[in-house]
Amino acid sequence: MTEKETELRIRAAKAQENIGKTQKGRYRCKYHLMPPTGWLNDPNGLCKVNGVYHVFFQYAPEGADGSGMRSWGHYVSKDLLCWKFLGVAIYPDSDTDADGAYSGSAVPEDEGFSLYYTGNVKHKDKKYDYISDGRESNTTLIRSKDGFSFGEKKILLKTSDYPENFTRHIRDPKVYKTEKGYEMVLGGRMKGDQGAVLFYESQDGEKFTLREVKTTREKFGYMWECPDFFEMNGTKFLCVSPQGVGEEKYRFQNVYSSGYFSGELKKENFYEWDFGFDFYAPQTFFDGERRILFGWVGMPDVPYDNQPTVKEGWQHTLTLPRVLTEKEGRIIQSPAEELKKLRGEEIAKGQECECCEILLDEISESAKAVICDALEIEFKANETVFSFRSDAGRGRTVRRTDIRAENVRIFLDVSVCEAYINGGERVFTTRLYPERYTLEVFGCRAKRYAMRPYTVEIEIKDN
Ligand code: FRU
């Protein structure tokens, strides 16, 4: 072990002590996965193995602002409703991942699963731009036989193995099995600042060779993060989270975007997953029956904030598990059926409720819903507009989507709101920090049901 590694392990042990200390807080969520303490970003390593769902996530246990060690947190569940938090599965405690065990994925194996991630290393001894130099990305493999203990880190690809026409920004391996073996897609930034993905293949899941680089003919952002690739109903979908795509009235309204290409890779064929303020870097997996997506309810580098939760010692959540289906080359997202089991009593008009499911229908052309006296949804002939009318948005302003809403299913969870329009044709996700949990509607019909919380246990073992 190098001196640096000893130092990193001592630090990891200290961070570990902090994790179990669940804090109390007014804005903590009840049925969205969140970090017990500290910072969460991308969902990672999603899989179902031996009847157990594993949801890993980018986790910085040392600081709610995202500072400190970027590791992999680990939740497990048998039913997507009762969750156990098992602490940190991967710490960045080696020379090959000293500056972060960055995003990656899981592949179910005959016994257990394999985890693939990017070991991020930043050289700090001289001035670098960290784009063309000063950064290493080690594609790393860890195998787990039982899903709960993790083997040695094995480096599969290092910086010198990637193609010459890429900058140092290459990361977030999504690996999946095919009839022929394994395939891996990595996200990257080419020289000349164009986002692209790299497809690799392998027989044994360890020795990967580059098959092709894919990008758009015309530049579509400078970097593509967190790629994903799957086929549904005979249609192939390449998903990426592009950075640097210019804003349009109804598209790319956030600082970074995320969505999928359906058909040839070009801007017109790119469809965003979510139209809200807080959604980025999603990942999908097949659970044996259906393809499920979890996204990060959060965004980097935004002009708004989540200070109310940072003060409570935590930041960000994951979305609800969304089941994906294909319809005419597009993807429909609907909350997993299991969530219906959390549905409780109907809430009477005028009563406040911080955890509820809201159903809107019979929506007229000038209808409006106001959630928590803060978030206004305007239903128009050709668009649906979400805007904050108070500080409860912490700097969030307005987002539009060009769809006529016929029905909306809204999940409100204390400080997270996900709205599924027309059975999941469009989704809108945001954080909000209201004073009151009211609902007012004009020109539409509304029903509200209380939502019961997830069961979350914390069980942390030393690893
Ligand atoms: C996306 C991302 C990934 C990276 C991870 C680091 O949000 O930037 O590209 O692996 O976060 O936490």
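## Strand 10: R189 and M190

R189 lies in strand 10, strands being DSSP runs of E with at least two residues, numbered from the N terminus. This is a predicted model, in which local features need pLDDT of at least 70 and side-chain atom pairs count only at pLDDT 80 or more, while totals for chains, interfaces and linings use all residues. Residues are numbered from 1 along each chain as its sequence is written, and side-chain values use heavy atoms, with hydrogens and water left out.

At 12% relative accessibility R189 counts as buried, where buried means under 20% relative accessible area, exposed means over 50%, and partly exposed lies in between, with a 1.4 Å probe and protein chains only. Leaving aside neighbours within four places in sequence, R189 is in contact (heavy atoms within 4.5 Å) with I131, F166, T167, H169, Q194, Y222 and M223. M190 lies in strand 10 as well, which covers residues 182-190, and is buried, with a relative accessible area of 12%. Not counting residues up to four places away in sequence, M190 touches N165, F166, T167, A196, V213 and T215; M190 and F166 are 24 residues apart in sequence, yet their C-alpha atoms are 4.0 Å apart in space.

An open sheet is formed by 4 strands in the order 5-6-7-8, with antiparallel pairing; two strands pair if DSSP finds at least two bridges between them. The edge strands, each pairing on one side only, are strand 5 (101-108) and strand 8 (154-157). Neighbouring strands of this sheet are turned by 30 degrees against each other on average, direction ignored, with axes taken as lines fitted to C-alpha atoms and angles running from 0 to 180 degrees between N-to-C directions.

Within the sheet, strand 6 (residues 113-122) and strand 7 (residues 135-144) run antiparallel and are joined by 10 bridges. The bridge partner of T118 in strand 7 is T139.

## Nonpolar cores

A nonpolar core is a set of buried Ala, Val, Leu, Ile, Met, Phe, Trp, Tyr and Cys residues joined through side-chain atoms within 4.5 Å. The largest one has 79 residues, and those with the most contacts inside it are F294, L360, F379, V408, I410 and Y454. Its largest share, 5 residues, comes from strand 2 (residues 52-60). Apart from this core lies another, of 17 residues, among them L157, Y162, M184 and A196.

## Cysteines

A search of the whole structure finds 0 disulfides, a disulfide being a pair of cysteine sulfur atoms within 2.5 Å. The sulfur of C356 is 4.5 Å from the closest cysteine sulfur, in C353, which is too far for a bond, and C356 is buried at 1% relative accessibility. For C372, buried with a relative accessible area of 2%, the closest cysteine sulfur is in C356, at 7.4 Å, also too far for a bond.

## Salt bridges

The whole structure holds 41 salt bridges, each a side-chain nitrogen of Lys or Arg within 4 Å of a carboxyl oxygen of Asp or Glu. One of them joins the side chains of D93 and K153 (2.8 Å, N to O). This pair links distant parts of the chain, 60 residues apart, with D93 in the loop between strand 4 (82-90) and strand 5, and K153 in the loop between strand 7 and strand 8. D93 counts as buried at 15% relative accessibility, whereas K153 is partly exposed at 25%.

K380 forms a salt bridge with E383, the closest N and O atoms being 3.6 Å apart; K380 is partly exposed at 32% relative accessibility, while E383 is buried at 9%.
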